[in-house]
Amino acid sequence: MQAADSGCIGAEGQGGQGSHGGPGSAGAAAPAAGGAPRVAQAQHAPGPVGNVASTARRPGNQLHIFTLSVPFPSPLEADIARGSLAPDAEPHPGAVRKELTVSGSILAVRWRAEDSRLLRISIINFLDQLSLVMRTMQRFGPPLSR
């Protein structure tokens, strides 16, 4: 599993628009109207790592999206992990949506939630379950072909 680094986490503001400068522009401050510094957002770079984006939906409500890509040694192992993790229902199915997909040997997970606290709880629970699945797969060795 790969962790997100500072260049791969991005937040999108109102309507998904924001400053998308080069790698050197992340964290740069420029004075805005009223004299307060304005901080440029980190460039959004999807890839085989964790990835966060927030977009505004209604006044007062924000949709938070988190994606995680987990590489496995083979497509079969990624599919086995998806099959083991998919039956775990969300404790708050209306508040948090989780989608698991496999592309090649990559297990991709995407969460969507308006409540950041429930999103965090869902991600932590998933990582605990993923850790158990990966340890079990390592303990029993590579799977036999289906």
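A search of the whole structure turns up one cavity of 30 Å³ or more. Here a cavity is a set of points on a 1 Å grid over the protein atoms alone where a 1.4 Å probe fits but cannot get out; the volume is the space filled by probe spheres set on the points, with grid points joined across faces, edges and corners. This is a predicted model, so to speak of local features takes pLDDT of at least 70, side-chain atom pairs count only at pLDDT 80 or more, and totals for chains, interfaces and linings use all residues. Residues are numbered from 1 along each chain as its sequence is written, and side-chain values use heavy atoms, with hydrogens and water left out.

**Overall layout**

- The protein chain has two helices and six strands, taken as DSSP runs numbered from the N terminus (helices H or I, at least four residues; strands E, at least two).
- Along the sequence they come in the order β-β-β-β-α-β-β-α.
- Take the contacts in the protein chain with a separation of 6 or more, and 57% of them come from residues 24 or more positions apart; a contact means heavy atoms within 4.5 Å.

**The cavity**

- The largest cavity has a volume of about 30 Å³.
- Its lining is made of Glu90, Pro91, His92, Val96, Leu118, Ile121 and Ser122, where lining residues have an atom within 4 Å of a point.
- Helix 2 gives the most to that lining, with three residues.
- By class, the lining has four nonpolar, two polar and one charged residues. Nonpolar covers Ala, Val, Leu, Ile, Met, Phe, Trp, Tyr, Cys and Pro, charged covers Asp, Glu, Lys and Arg, and the others, Gly among them, are polar.
- Ser122 sits in helix 2 and is buried at 5% relative accessibility.
- Setting aside residues up to four places away in sequence, Ser122 touches Glu90, Val96 and Trp111.

**The aromatic cluster**

- There are two aromatic pairs in the whole structure. Rings of Phe, Tyr and Trp (its six-membered ring) pair if their centres lie within 6.5 Å; planes under 30 degrees apart are stacked, over 60 edge-to-face, and the rest tilted.
- Phe66 and Trp111 make a tilted pair, 5.7 Å centre to centre with 50 degrees between the planes.
- That pair links distant parts of the chain, with Phe66 in strand 4 (residues 61-71) and Trp111 in strand 6 (residues 106-113), 45 residues apart.
- Trp111 and Phe126 have ring centres 5.2 Å apart and planes at 80 degrees, so this pair is edge-to-face.
- Because Trp111 lies in strand 6 and Phe126 in helix 2 (residues 116-140), the pair ties together parts 15 residues apart in sequence.
- Phe66, Trp111 and Phe126 form one aromatic cluster. Each of these is buried: Phe66 at 16% relative accessible area, Trp111 at 0% and Phe126 at 3%.

**The nonpolar core**

- The largest nonpolar core has 20 residues, and those with the most contacts inside it are Phe72, Leu85, Leu107, Trp111 and Phe126. Such a core is a set of buried Ala, Val, Leu, Ile, Met, Phe, Trp, Tyr and Cys residues joined through side-chain atoms within 4.5 Å.
- Strand 4, helix 1 (75-85), strand 5 (96-103), strand 6 and helix 2 are the elements giving two or more residues to this core.
- Helix 2 gives the most to this core, with seven residues.
- Leaving aside neighbours within four places in sequence, Phe72 is in contact with residues including Leu107, Leu130, Met134 and Met137.

Definitions and conventions:
Buried < 20%, exposed > 50% of the residue type's maximum accessible area, 1.4 Å probe, protein only. 1 Å grid on protein atoms, 1.4 Å probe; cavity = no way out; pocket = protein on both sides within 12 Å on 5 of 7 lines; lining within 4 Å.
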